[in-house]
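Reader: Got a structure to go through. Can we start with the terms, then the surface, then the strands?

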Amino acid sequence: MADTQHDNLVQRVQKRLNLFFPEEILTAAMIEEALEDREIFHKPSDILPYLQTALIDEKILEVELDGLTRVYFSRLYDDLPPLEEVEENGVTTTIEPPYTTGDYLKQMSHLISLPLEPGIGNLYVRHSKRVLIRFFTNTYAVELGTVFQDLADVRGLPVLRLAYPAIGRIVRGAREFRAKVPESMQLIVMIMGKRKHGTIRTKVVDISASGMAFSIAKEQQELFRVDESCTLEFVHQDMMLVRLNGKVRHLSKVRGKQGTEFICGIQFDLATRAIAAKIESVVAMVQRAHLKELSDLSSESGLKLIL
């Protein structure tokens, strides 16, 4: 009886994998091993910590629709309950009802995401048959298979409602490790002026041993061109850490809590081993700060966040 139940489980998992990851060819033995190693997870409770981490850490999501190569970007969002009206002395006011960040995820019924960027993805997702969301931890990528349910509204903000993921998996070596820069760290990058504009001072979004992403204002997009070189200086607590050159690799935008964010991706020109070593030390510093921030958030919220 136990063997039959186990075989049925493997078959159910295989069907879900075939739906969301049709390019993968996995035997029953491979699936059994991945389930045992927790590299594949199908139970809603096993998926929950990854979603809570993505929400609380405000991770950027890569979103694929129907297996197409075009990638869209978004973030998970909280499904906040409506404000409550309270009348006192004939005056009606609104107050926040009792709610803790991410409480809705514990229902394991659905996800809320901000609209996709580029915006055309919000049309395509409504007609998609499957949605794959991907985000990155310190050592691997997490991929979750879901489907679009409906357009929704959270306190006047248009959002996307997705089904709670049916399957998830860990993908190691999906890309080079990138360390997210905590807001409190205040790691600044200075981009030396070109084409008659002054030096730009802005915050670093994330950084790896070979590249980085930084925030720019909407009107600053025209100051950068893909494949163009630029000179960068990293500054932390008013101290210059390293100066080097880099090449613009992409200009992207993603929705955030404060609206659309514009991001520039840079590949470093590691001309010497000394420069490479300095960048590696910055990455290590950022990683330590991010892990501490996640650990503190985990302790404060009582949630099992994925570090």
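Author: Terms first. Helices here are DSSP runs of H or I with at least four residues, numbered from the N terminus. Also, this is a predicted model.

Reader: Fine. Which residues gather in the patch of negative charge on the surface?

Author: D7, E32, E33, E36 and D37.

Reader: Which helix gives the largest share of that negative patch?

Author: Helix α2, residues 28-36. It supplies three residues of the patch.

Reader: And where is D7 placed?

Author: In helix α1, which spans residues 2-20.

Reader: Why does D7 count as partly exposed?

Author: Its relative accessibility is 40%.

Reader: New topic. Which residues form the nonpolar patch?

Author: I120, L123 and Y124 form it on the surface. Together they have about 270 Å² of accessible area.

Reader: Where does L123 sit, and what is its relative accessibility?

Author: L123 is in helix α4, residues 121-124. The value is 40%, so L123 counts as partly exposed.

Reader: Now strands. How many bridges join β17 to β18?

Author: 11, and the two strands run antiparallel. β17 covers residues 239-256.

Reader: How many residues lie between them in the hairpin?

Author: Two residues separate β17 and β18 there.

Reader: In what sense does β15 pair with β18?

Author: Antiparallel, over six bridges. β15 is residues 211-216 and β18 is residues 259-269.

Reader: What is the bridge partner of F214 in β18?

Author: C264.

Conventions. Residues are numbered from 1 along each chain as its sequence is written. This is a predicted model: local features need pLDDT of at least 70, side-chain atom pairs count only at pLDDT 80 or more; totals for chains, interfaces and linings use all residues. Side-chain values use heavy atoms; hydrogens and water are left out. Patches are made of residues with over 30% relative accessible area and no salt bridge: like charges are joined within 9 Å, nonpolar side chains (Val, Leu, Ile, Met, Phe, Trp, Tyr) within 5 Å. Accessible areas come from the Shrake-Rupley method with a 1.4 Å probe; for residues, only the protein chains shown count as cover. A salt bridge is a side-chain nitrogen of Lys or Arg within 4 Å of a carboxyl oxygen of Asp or Glu. Buried means under 20% relative accessible area, exposed over 50%, partly exposed in between (1.4 Å probe, protein chains only). Lys and Arg count as positive and Asp and Glu as negative; His and the chain ends are not counted. The place of a charge is taken as NZ of Lys, CZ of Arg, CG of Asp or CD of Glu. Two strands pair if DSSP finds at least two bridges between them.
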